[in-house]
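Subject: Structure handover

Hi,

Here is the structure I promised to pass on. My notes on its side-chain contacts follow below.

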Amino acid sequence: MPDSDRLRTLCDERDIERALNLFARAMDDRDWGTMAEILTDDVEGDFGTGRLVGSAAIIDMIRGYLDSCGPTQHLLGNVVVDVAGDTATSRAYIRDVHLNSAADPSMRFYTLGDYHDTWRRYEDGRWRITERVKANRAYVGPLEIFDN
């Protein structure tokens, strides 16, 4: 592979990893606008709760959980990105922590899983998610944390 192609691939991988991190931070910051910028309008997804279509449906589902709990932290790791022209796939471990919005710091909910994302590069050069599947491996804590 010529050096110019390798450099382009490295830049694409970096751009996608940055978008992954921005999306995780947007969940913790409750920054719905940034999330919408990273998702395509017709994005499809499954977070273990059933198939969703459209960025509004996905953001509404995420809001349904995050608006009901306290502080969160979505940590990504072991990110692998594969670029093929103007499309790409990525896999990343996700460990998310949700704290109770009340004054009970002992009430926590964690999930362990993987994000499997499909990406498309747009004419402006930005990468956006066209599909996200969260494969949940385990969770710890009571789901009632989201009932506040």
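Charges over rings come first. R128 lies over the face of Y122, at 5.3 Å from the ring centre. R132 does likewise with Y115: its charged end sits over that ring, 3.7 Å from the centre. Keep in mind that this is a predicted model.

Next, the aromatic pairs. The whole structure holds 3 of them. One is F109 with F146, in an edge-to-face arrangement. Their centres are 5.3 Å apart, with 75° between the planes. This pair links distant parts of the chain, 37 residues apart. F109 sits in strand β5 (residues 108–121), and F146 in the segment after β6 (127–140). Both F109 and F146 are buried. Ring pairs also join Y65, F109, Y139 and F146 into a cluster.

Now the salt bridges. A search of the whole structure gives 9. Among them is R8 with D12, where the closest N and O atoms are 3.5 Å apart. These two are 4 residues apart in helix α1 (residues 3–29), so about one helical turn separates them. R8 is partly exposed, at 46% relative accessibility. D12 is buried, at 4%.

D12 also meets R121 in a salt bridge, 2.7 Å from N to O. R121 lies in strand β5 and D12 in helix α1, so this pair ties together parts 109 residues apart in sequence. R121 counts as buried, at 13% relative accessibility. A network of salt bridges links R8, D12, D86 and R121.

Another bridge is D67 with R63, at 3.1 Å between the closest N and O atoms. D67 is partly exposed at 45%, and R63 is partly exposed at 31%.

Best wishes

Definitions and conventions. Residues are numbered from 1 along each chain as its sequence is written. This is a predicted model: local features need pLDDT of at least 70, side-chain atom pairs count only at pLDDT 80 or more; totals for chains, interfaces and linings use all residues. Side-chain values use heavy atoms; hydrogens and water are left out. Rings of Phe, Tyr and Trp (its six-membered ring) pair if their centres lie within 6.5 Å; planes under 30 degrees apart count as stacked, over 60 as edge-to-face and the rest as tilted. Buried means under 20% relative accessible area, exposed over 50%, partly exposed in between (1.4 Å probe, protein chains only). A charge sits over a ring if NZ of Lys or CZ of Arg is within 6 Å of the ring centre and within 35 degrees of the ring normal. A salt bridge is a side-chain nitrogen of Lys or Arg within 4 Å of a carboxyl oxygen of Asp or Glu.
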